[in-house]
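Visitor: Please take me through the aromatic side chains of this model, and then through the packing and charge pairs that go with them. I would like the cut-offs stated as you go.

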Amino acid sequence: MLKPTHLLIVTVAAGLVACGESSTLQVSDGTGPAPKLPEPNKTLIPTLNIAEAVGWPQGAKPTPAPGLQVGAFAEGLDHPRWLYVLPNGDVLVAETNAPPKPDDAKGIRGWVKTKVMDRAGAGVPSPNRITLLRDANHDGIAETRTVFLENLNSPFGMTLVGNDLYVADTDRLIRFPYKDGDTQIQAQPTKVVDLPGGTLNRHWTKNVIASRDGSKLYVTTGSNSNVAENGMEAEEGRAAIWEVDRASGNHRIFASGLRNPNGLAWEPRSGALWTAVNERDEIGSDLVPDYITSVKDGAFYGWPYSYYGQNVDVRVEPQNPALVAKAIAPDYAVGPHTASLGLTFAEGSSLPAPFTEGAFIGQHGSWNRKPHSGYKVIFVPFNGGKPVGQPVDVLTGFLNADEKALGRPVGVVIDKQGGLLVADDVGNKIWRVSGK
């Protein structure tokens, strides 16, 4: 017989799965420079619509846009999430997942959240390594694979400056020596700076990118909650992009109010830094759109007090009208709850029109929306350094007819031959998209 506490947990979990509101708008309504923002629809039980992770059947693959083709660059990986291409064409993939964070799983809500992650394919232990993939004959398939770095702590972002390879673990930015052609690094890391981590570590992924001249590093630090329900003291240094001086390790907050920034990339025409951001949950299937935006030095983007500029989130206590008045709206919405993570520009791409100028975005997929959103790779056209028009699907088919997840796209990057690489952390593959 179930104990009363266990019965309560089962009842709550069943209610969460069974209940919740549904969307009244299309994903396209929450997309573009001026997305529709309906009234919040906060329900007693949050919408929970999980695409169960099942993986790809033998021989199956995503569906590319007309004029494109897709194949497996690498298979049999262990939760590949992020990608980086070295100057010689070698591809680094962070095989990684969330670190232990016991304080994030306490209580009924934490227990349910853990079950959600398990069902979505994110409950596996972190491999904590970076693997090197080499396509020596340039046929679009990696022939060799080596463990490049291991014994890391939920690694994510990677960037090379000269002979220094930087890796963003969940709780620190570290540096390794690298020389061209290395297939393994055995040297011990040098810590550059501590990053927010700990036993309560809601958005654990940290990304890093170097400035054009290599003097600065920019690091993403996601929030420690949905809308600061753990108190603002738990958000110290979070929901922000840091600027780190490469020589000294000194850092400052470059931009703030960004709930969960992941992708970072330099827009090739304007030279501006852009990021992909996951916005807040639990106020309806149509709120709030995730977005990509240029990142202005010193800017505040609203979280947690407001969203998409100065739309106040009444759930946050205490309110902060002075900060809301400073909040600026992002440049371009990419749909509510799409979990847009990966971001790379088309510079260096060999893909044909209309994929020649703009940004590729890996959308990991929703859990807080009915019907699902995301679960694909999209392309946002740019002109003169700014997004224009509606997105174009690049890679779809990650959900089957039963709405189960065959794969989930995460990191995206252009390889040395101009193909688009896509990390799939449910399919455990790296897909390569090219022109026919």
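Guide: Trp56, Phe398 and Trp431 form one aromatic cluster. Rings of Phe, Tyr and Trp (its six-membered ring) pair if their centres lie within 6.5 Å; planes under 30 degrees apart are stacked, over 60 edge-to-face, and the rest tilted. The model is predicted, so local features need pLDDT of at least 70 and side-chain atom pairs count only at pLDDT 80 or more, while totals for chains, interfaces and linings use all residues. Residues are numbered from 1 along each chain as its sequence is written, and side-chain values use heavy atoms, with hydrogens and water left out.

Searching the whole structure gives 13 aromatic pairs. Tyr218 and Phe254 make an edge-to-face pair, because their ring centres are 5.2 Å apart and their planes stand at 75°. Tyr218 belongs to strand S13 (residues 216-221) and Phe254 to strand S15 (residues 251-256), so this pair ties together parts 36 residues apart in sequence. Strands (E, at least two residues) are DSSP runs, numbered from the N terminus. Tyr218 and Phe254 are both buried; buried means under 20% relative accessible area, exposed over 50%, and partly exposed in between, with a 1.4 Å probe and protein chains only. Trp274 and Phe382 are also edge-to-face, because their ring centres are 5.1 Å apart and their planes are at 65°. This pair links distant parts of the chain, with Trp274 in strand S17 and Phe382 in strand S24, 108 residues apart. Trp274 and Phe382 are both buried.

Next, the nonpolar packing. A nonpolar core is a set of buried Ala, Val, Leu, Ile, Met, Phe, Trp, Tyr and Cys residues joined through side-chain atoms within 4.5 Å. The largest one holds 23 residues, and those with the most contacts inside it are Phe355, Phe360, Val394, Leu420 and Val433. At least two of its residues come from each of S3, strand S24 (376-383), strand S26 (392-396), strand S27 (409-414), strand S28 (420-424) and S29. Leaving aside residues up to four places away in sequence, Phe355 touches Ala65, Leu68, Ala346, Ser349, Phe360, Phe379, Val392, Asp393 and Val394, where contact means heavy atoms within 4.5 Å.

A salt bridge is a side-chain nitrogen of Lys or Arg within 4 Å of a carboxyl oxygen of Asp or Glu, and a search of the whole structure finds 21 of them. Glu75 bridges to Lys429, with the closest N and O atoms 2.5 Å apart. That pair links distant parts of the chain: Glu75 sits in the loop between strand S3 (68-74) and strand S4 (80-85), and Lys429 in strand S29 (residues 429-435), 354 residues apart. Glu75 counts as partly exposed because its relative accessibility is 43%, whereas Lys429, at 13%, counts as buried. Glu357 and Arg269 meet in a salt bridge of 2.8 Å, N to O. Glu357 lies in the loop between strand S22 (340-345) and strand S23 (358-363), and Arg269 in the loop between strand S16 (260-266) and strand S17 (273-278), so the bridge ties together parts 88 residues apart in sequence. Glu357 is partly exposed at 24% relative accessible area, and Arg269, at 60% relative accessibility, counts as exposed. Elsewhere, salt bridges that share partners join Glu279, Arg280, Asp313 and Arg315 into one network.

All 5 of the 5 residues of strand S5 (residues 91-95) are buried. Val91, Val93 and Glu95 cover one side, and Leu92 and Ala94 the other. S5 runs antiparallel to S4, joined by 5 bridges, and Val85 stands opposite Val91. S5 is also antiparallel to strand S6 (residues 129-134), again through 5 bridges, with Ile130 in S6 as the bridge partner of Ala94. Two strands pair if DSSP finds at least two bridges between them.

Last, confidence. pLDDT is the predictor's confidence in each residue, from 0 to 100. The chain has a mean pLDDT of 93, and 91% of its residues reach 70 or more. Over residues 1-18 pLDDT stays under 50. Where pLDDT is low, the predicted coordinates should not be read in detail.

Key:
Helix = DSSP H or I, 4+ residues; strand = E, 2+ residues; numbered from the N terminus.
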